[in-house]
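Hi,

Here is the structure I promised to send over. My notes on the ligand site follow below it.

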Amino acid sequence: MKIGIDKIGFYAPHMYVDMVKLAEARGDDPLKYTKGIGQDEMAVTPITQDTVTMAANAAHQLIDDKDREQIDYVIFGTETGIDHSKSAAIYVSRLLGLKKQVRAVETKQACYGTTAAIQLAKGYIALNPESKVLILASDIARYGLATPGEVTQGSGAVAILLSQDPRIMTLEKETTFQTEDSMDFWRPIYSDVAFVDGKYSNDRYIDFFADLWGEYKEKTKRDFADFAALCFHLPYTRMGEKALKPHLENVAESVANQLTERYKTSTTYNRLVGNIYTGSLYLSLLSLIENDDNLAAGDRIGMFSYGSGSVGEFFTGILEEGYQDHLNTANHKALLANRKEVTIKEYEAEFLKELPTDGSTVEYSGDNDPADIYLAGITEHMRQYKNK
Ligand code: HMG
């Protein structure tokens, strides 16, 4: 039975900052941000968007009434959820008008949370072939103003519909995965910004890729020549390149060139949005398949998922015949092109905004946020969501 990605879409907030201007404001060389880190723009999250609304905005363009009938499982991967107890998947299920006969849960393991969700969903569909699973990945990456991590912030969401006989990509069976306890990045319950040992986190990522790729090669006897492209979890767009480059040294030039070129294409959207944690790998996949006209049905794409802490997985998918017809490329490009640039001062003001935590009521208008689904306020500790 074929199981995989039947539909995939994303959402990013309508505001961004230019990384050259951020570098200048921080007294850094802009080339460090645009070349060294590899980011051109960074999403800025308005107070009217949170992980729930971003996921709902990514998903509601994607699903139709037939999907609504068949979706009976919603798995929400996030590490910046809005509640320690209630799953964000429940709010999104309601906002999307899903039926009551749905399991709605959240998964967490840093940026690996969505890959965990996908692997769980694959097993579920194998047992329930008529079911469709809605996978949501939504996060707001926050390190703090003027911190070394600031340049690697971002926010956004990816929604994936997983089913049998998928129209975009079949996920293959062979995968390699591993877990090792590392304090490279974490966020204690009491903190709204991540703690990170930046250089160590880069090393962990690089080591995990080396381990998992090595094990995959050994297990499957496949090599880089068996891949049309590789996509990586992208906390910033230079990161995957750092992990991949050493392995391409003794590979045939044509293979190395193709993987390097396609790696660049796979960073297209991420360069404009920043780190979206659980969704970053899938945003990279979307960048690749929506921006590379030379990929073809039958092509194998490798995917490296890394979640600090750390859990990683290397897995693969095969593009399906006519996959291009089931993408939403024009809408995604328009979403990015129509965003509004904000000044560094405006970004800082948004970053520092907070919802009340004393139970008082605040209301927000949706007039300044073009998204269909937005946070309209909070009352007695309950977030109020609206769909325009
Ligand atoms: P930093 O210390 O500010 O930067 O931290 P740097 O000094 O290492 O410079 C970065 C790059 O810019 C270097 O390139 C410099 O040479 C270059 P490299 O040598 O590595 O190739 N550079 C320049 N290039 C051109 N012109 C210049 C110039 N100056 C410098 N003038 C760091 C960077 C990423 C560590 C920091 O931003 C950080 O801590 N970010 C957060 C952590 C992170 O993103 N880690 C990535 C791996 S862990 C992961 O992926 C998981 C994660 O997504 C969380 C999760 O799982 O939930 C983070």
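Which residues come nearest to the ligand? Of the 30 residues around it, these are Lys 32, Glu 79, Cys 111, Pro 148 and Lys 242, where "around" means having a heavy atom within 4 Å.

Before the rest, some housekeeping. This is a predicted model, so local features need pLDDT of at least 70 and side-chain atom pairs count only at pLDDT 80 or more, while totals for chains, interfaces and linings use all residues. Residues are numbered from 1 along each chain as its sequence is written, and side-chain values use heavy atoms, with hydrogens and water left out.

On polar contacts (N or O pairs within 3.5 Å): a side-chain N or O atom of Lys 32 is 2.8 Å from a ligand oxygen, and a backbone N or O atom of Pro 148 lies 2.7 Å from an oxygen of the ligand. Thr 152 has a polar side-chain atom 3.2 Å from a ligand nitrogen. The ligand alone exposes 1100 Å², and the protein buries 75% of that (Shrake-Rupley areas, 1.4 Å probe).

As for the shell around the ligand, it splits into 14 nonpolar, 10 polar and 6 charged residues, with Gly counted as polar and Cys and Pro among the nonpolar ones. Helix α7 gives the most, with 5 residues (helices are DSSP H or I runs of at least four residues). Domain 1 (3–168 + 327–387) and domain 2 (170–321) both contribute residues to this shell, so the ligand lies between them; the bounds come from an automatic or database domain assignment.

Cheers

Note on methods: Polar contact = N/O pair within 3.5 Å; in protein donor to acceptor, adjacent residues only side chain to side chain. Helix = DSSP H or I, 4+ residues; strand = E, 2+ residues; numbered from the N terminus.
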